[in-house]
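Please look through the model below with a few individual residues in mind, taking each in its local setting before moving on to the next.

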Amino acid sequence: MHQFEHGLMWFRRDLRIEDNAALHQALRQCRRVSCVFVFDSDILSTLPATDRRVTFIDDCITELDHKLQQAGAGLIVRYGAAHQVIPELAKGLNVDAVFAVRDYEPQAQVRDAAVADGLKREGSELVLLKDQVIFEMSEILNGQGKPYRVFTAYKNAWLRALRPVHIDAVANEPLLSKLEPVPSNLLARPSLEDMGFTRSAQPVPVSAGSEGAQALFADFLPRMDAYQERRDFPAAKGPSYLSVHLRFGTISLRALVRAAYPAMQSGSAGATTWLSELIWRDFYFMILHHFPHVTDHAFRAEYDAIEWESGADADVDFEAWCSGQTGYPIVDAAMRQLNQTGYMHNRLRMIVASFLTKDLGIDWRRGEQYFARQLNDFDLAANNGGWQWAASTGCDAQPYFRIFNPVAQSQKFDAQGDFIRRYVPEVAGLSNKDIHAPWLAKENALIAAKIKLGDSYPKPIVNHQSARKVALARYDVSGST
């Protein structure tokens with residue numbers, strides 16, 4: 001193992017000290033280690049001033065800095081283009097190597113290549129480590145040495161390949177004495193306002209930092225066995241709510257698998273299903289690595305030929321979908337939850353994505369981009385994979401003739417209307433039967449609930465049965481029927 005005098009730990013999607021693989025390598029390979037986080041202006045410049053995720057990151061950085069200070073060190077925080085900031089900082093600190101967690105997104109790889117070039121010119125190097133997945137890139141391949149395209153086969157291979165070494169915790173605490181204090185000339189930290197942001201009035205609805213993540217994890221563990229039976233009901237406390245923490249690395253994926261895998265082996269259906277969801281995450285990172293065209297094209301090229309709805313009418317429909325004004329209460333409740341909190345339940349993500357692409361015939365890329373702006377846990381690989389799955393354009397896609405019926409989904413997964421009433425109060429006065437499809441309610445029921453369709457609440461912007469027939473024709477890009 002190569003040894004360095006001075007290393008720089010560049011925190012990115014791994015905002016924690018505990019069980020952090022890149023930090024572990026930096027501490028093992030270097031005599032002393034400085035730590036930095038960069039608010040990358042290349043990324044932030046595309047975001048609105050009130051983006052709640054920037055507030056969340058800022059809070060996570062505050063906690064990380066505090067924990068580093070407790071270890072006798074601290075966190076250098078910089079604002080600027082990372083491909084410039086990191087080489088300049090490494091030069092100023094006389095750093096031999098910069099350590100970071102590998103990122104699989106195309107733009108991040110371009111950035112990292114530029115950072116590596118800048119470091120090389122100064123006689124330093126960039127060392128990238130695996131941390132945010134269990135298996136990366138080409139570690140799981142099929143018998144022909146090619147990447148899997150179907151999730152179930154990938155999952156089975158993933159489970160066969162798993163060994164304790166893949167999920168063992170890395171112990172950083174004994175090595176923290178190697179961490180360096182922040183030099184006095186680098187103590188100043190940019191505020192949100194310095195970077196053009198304001199603290200969000202509607203913050204991410206979970207506590208930030210590794211302590212917030214650990215509290216959620218501790219809350220979920222007693223519920224893990226019930227995950228399979230509760231996870232599809234948005235009004236129930238079923239999910240772990242850890243997705244935003246996984247996104248920013250305030251909790252280790254290895255820690256989650258260490259909890260789920262033994263429980264799966266002991267026969268827990270909930271742990272088995274939850275572990276499967278974690279494997280989906282690895283799968284989509286793998287797909288993004290091997291098939292980067294998915295960022296703006298269908299995974300299955302033939303579906304690039306689909307003719308999506310466009311023009312003024314499609315724009316009106318898209319705006320109604322975005323704002324939760326489609327006339328379908330379950331769709332509207334889901335979109336309002338997203339807009340108000342930055343979170344959307346996974347079952348609802350499938351319902352609204354199917355509605356946009358199959359009922360409204362609108363390009364999945366428009367929905368993907370809207371989610372990218374709104375989701376606290378936005379992750380390019382998972383967001384793209386989920387949208388292409390729902391739109392039946394991706395790998396392992398549902399057959400295009402399986403089109404979610406929003407009313408049937410609502411009746412099945414929000415039978416009492418509890419979730420709908422929380423986010424669509426306009427229809428709260430309807431019975432549990434009528435709340436799923438107000439346009440089918442009798443006139444006296446609407447009057448009693450103080451609803452005037454088309455006024456206090458929209459009429460449906462599309463007829464599902466008619467739209468289903470149009471969708472089936474739209475997807476017949478082969479012309480075979």
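In this predicted model, Ser 276 touches Phe 151 and Lys 155, once residues up to four places away in sequence are set aside. Ser 276 itself sits in helix H12, which covers residues 269-290, and its relative accessibility is 11%. Because buried means under 20% relative accessible area, Ser 276 counts as buried.

Leu 47 is found in the loop that runs between helix H2 (41-44) and helix H3 (52-70), where a relative accessible area of 25% makes Leu 47 partly exposed. If its neighbours within four places in sequence are left aside, Leu 47 is in contact with Arg 53, Val 54 and Phe 197. The C-alpha atom of Leu 47 is separated by 33 Å from that of Ser 138, a residue 91 residues apart from Leu 47 along the chain.

Backbone geometry is the next topic. Most residues other than glycine have a negative phi. Against that background, Met 137 has a positive phi of about 45° although it is not a glycine. Met 137 belongs to the loop between strand S5 (125-129) and helix H6 (151-161), and with a relative accessible area of 22% Met 137 is partly exposed.

Tyr 241, a residue other than glycine, likewise has a positive phi, with a value near 60°. Tyr 241 lies in the loop that links helix H9 (227-230) and helix H10 (243-248), and its relative accessible area of 26% places Tyr 241 among partly exposed residues.

Notes
Residues numbered from 1 in each chain as written. Predicted model: local features only at pLDDT ≥ 70, side-chain atom pairs only at ≥ 80, totals over all residues. Heavy atoms only, no water. Helix = DSSP H or I, 4+ residues; strand = E, 2+ residues; numbered from the N terminus. Buried < 20%, exposed > 50% of the residue type's maximum accessible area, 1.4 Å probe, protein only. Contact = heavy atoms within 4.5 Å.
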